[in-house]
Structures are given as C-alpha cells and as structure tokens.
Amino acid sequence: MIRAVLLALALAQAAQADTPLRPAEDWTMAPFPGLAVTGSLNPPAIFIGPPDNPTWSIDFWIPSFAVHPSPDGQHVLISPASGNLLGWSGDPDETVLWLYRAPGEEIANVPLRALIRPRAMERTTSHHVWITGYRWSENGWAFETPDGRAWHFGTDLTLSRR
C-alpha cells in the first residue's frame, strides 16, 4: 500500500515537471505610486512612466519580477529572468545586473564575480542562488548575497558593500 502511494506521488510529480510553461504574455506592475512598468511582447519592450503615459522604454521583453525601477522612474535595474536563481554556466563573468536610465540607455552592468565567489552560491536541485530580493534604499538598490554580504548598487553607478 505504501509503495503504491509513493509510486502515485512520484508519477504525479513527474507529470507536473513535464507540464509546458505558460506562454509569454504582456504584464504590468505598479511598484510605486504614480509609476507603472509594462512589459510588452509586441513590440518587445519594457515601458516605464506614469500608468497612463509611459515616458521611456528599453527595447526587450523580460518577465516582470526581474525589473526593479527607482521610485522616480528614471532608472531601472534588471536582473536575470530567473530572479535570484541562476542556471549557472560556470562563467564568473556572466552579467547578472544591468542598470538603465531614461531615455533607455544602458549605463552599467555587473558580472557575477563582482558580487560573489561562485563556490559561495547556494545550490538548489537545478540552480544556484546568487542573490536575495531587492529593495530601494538611499538612491539605489540594496540586496544580499548568500555568503551574507550586504550590497548597494546606486544610480550614481557605485557598487559597494554595506
């Protein structure tokens, strides 16, 4: 009886693992009052600005949880579409953060090696945890890496440990 239940559970989990991902779709988030960030598939772009009239854009599409705007809507920090997980290739020079400013100019990018030694990343079943969530703090984004280091990436292009 127990074997039958375990087999049924294993088969159910395997079926879920093979379930196709939902198709990509447009999305909108409103992280701060008076500011909306919209991901559009057609054209593939991210639009930033007031909810009814975006003022600037970045020419690509990415899932919403990887886009981190400043409260004034003048800067956007972008992290990998997988959020805090990397299907890490083993390349410490892999870019993990991009900073854009209005009107859509990339002004900085940060490779993984600038934040954490690859061996210090936490391993999940199929990915590596490279960072915790982001929050806006003091004219930039505050976050931590799994090795316990606190970081601040400012709109003035400074990357510092806190």
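How exposed is Glu105 in relative accessibility terms? Glu105 counts as partly exposed, at 39% relative accessibility. Here buried means under 20% relative accessible area, exposed means over 50%, and partly exposed lies in between (1.4 Å probe, protein chains only).

## About the model

This is a predicted model, in which local features need pLDDT of at least 70 and side-chain atom pairs count only at pLDDT 80 or more, while totals for chains, interfaces and linings use all residues. Residues are numbered from 1 along each chain as its sequence is written, and side-chain values use heavy atoms, with hydrogens and water left out.

## A four-stranded open sheet

Let's start with the sheet that holds Glu105. An open sheet is built from 4 strands in the order S5-S6-S8-S9, with antiparallel pairing. Strands are DSSP runs (E, at least two residues), numbered from the N terminus, and two strands pair if DSSP finds at least two bridges between them. As background, strands of a sheet pair through backbone hydrogen bonds, either parallel or antiparallel.

Why is one side of S5 and of S9 left without a neighbour in the sheet? Strand S5 (67-69) and strand S9 (105-111) stand at the edges and each has a single partner strand, so one side of each has no neighbour there. On average, neighbouring strands of this sheet are turned by 20 degrees against each other, direction ignored. The axes behind that angle are lines fitted to C-alpha atoms; in general, such angles run from 0 to 180 degrees between N-to-C directions.

## Walking across the strands

Next, S6 and strand S8 (residues 95-101) run antiparallel and are joined by 4 bridges.

S8 and S9 pair in the antiparallel sense over 6 bridges. The two strands form a hairpin with 3 residues between them, and Gly104 in the turn has a positive phi of about 125 degrees. Arg101 stands opposite Glu105 in S9, and the side chains of Arg101 and Glu105 also meet in a salt bridge (3.2 Å, N to O). Arg101 is partly exposed, with a relative accessible area of 34%.

## The other salt bridges

How many salt bridges does the structure hold? There are 4 salt bridges, each being a side-chain nitrogen of Lys or Arg within 4 Å of a carboxyl oxygen of Asp or Glu. One of them joins Glu138 to Arg162, with the closest N and O atoms 2.9 Å apart. That pair links distant parts of the chain, 24 residues apart: Glu138 sits in the loop between strand S12 (135-136) and strand S13 (140-144), and Arg162 in the segment after strand S15 (159-161). Both Glu138 and Arg162 are exposed.

Another salt bridge brings together Asp147 and Arg149, whose closest N and O atoms are 3.8 Å apart. Asp147 counts as partly exposed at 29% relative accessibility, and so does Arg149 at 30%.

His152 belongs to strand S14 (residues 150-154) and counts as buried at 4% relative accessibility. Its side chain reaches the backbone oxygen of Ser137 at 2.6 Å and makes a polar contact with the side chain of Arg162 (3.3 Å). A polar contact is a pair of N or O atoms within 3.5 Å; within protein, one must be able to donate a hydrogen and the other to accept it, and residues adjacent in sequence count only if both atoms are side-chain atoms. Not counting residues up to four places away in sequence, His152 touches several residues, including Glu138, Trp141 and Arg162; contact means heavy atoms within 4.5 Å.

Ser40 lies in strand S2 (residues 35-41) and is buried, with a relative accessible area of 8%. The side chain of Ser40 reaches the backbone oxygen of Pro43 at 2.9 Å. Leaving aside neighbours within four places in sequence, Ser40 is in contact with Asp26, Ala45, Phe47 and Trp61.

## Aromatic pairs

The structure holds 2 aromatic pairs. The rings of Trp136 and Trp141 have their centres 4.9 Å apart and their planes at 85 degrees, so this pair is edge-to-face. Rings of Phe, Tyr and Trp (its six-membered ring) pair if their centres lie within 6.5 Å; planes under 30 degrees apart count as stacked, over 60 as edge-to-face and the rest as tilted. Trp141 is buried, with a relative accessible area of 2%, whereas Trp136 counts as partly exposed at 28%.
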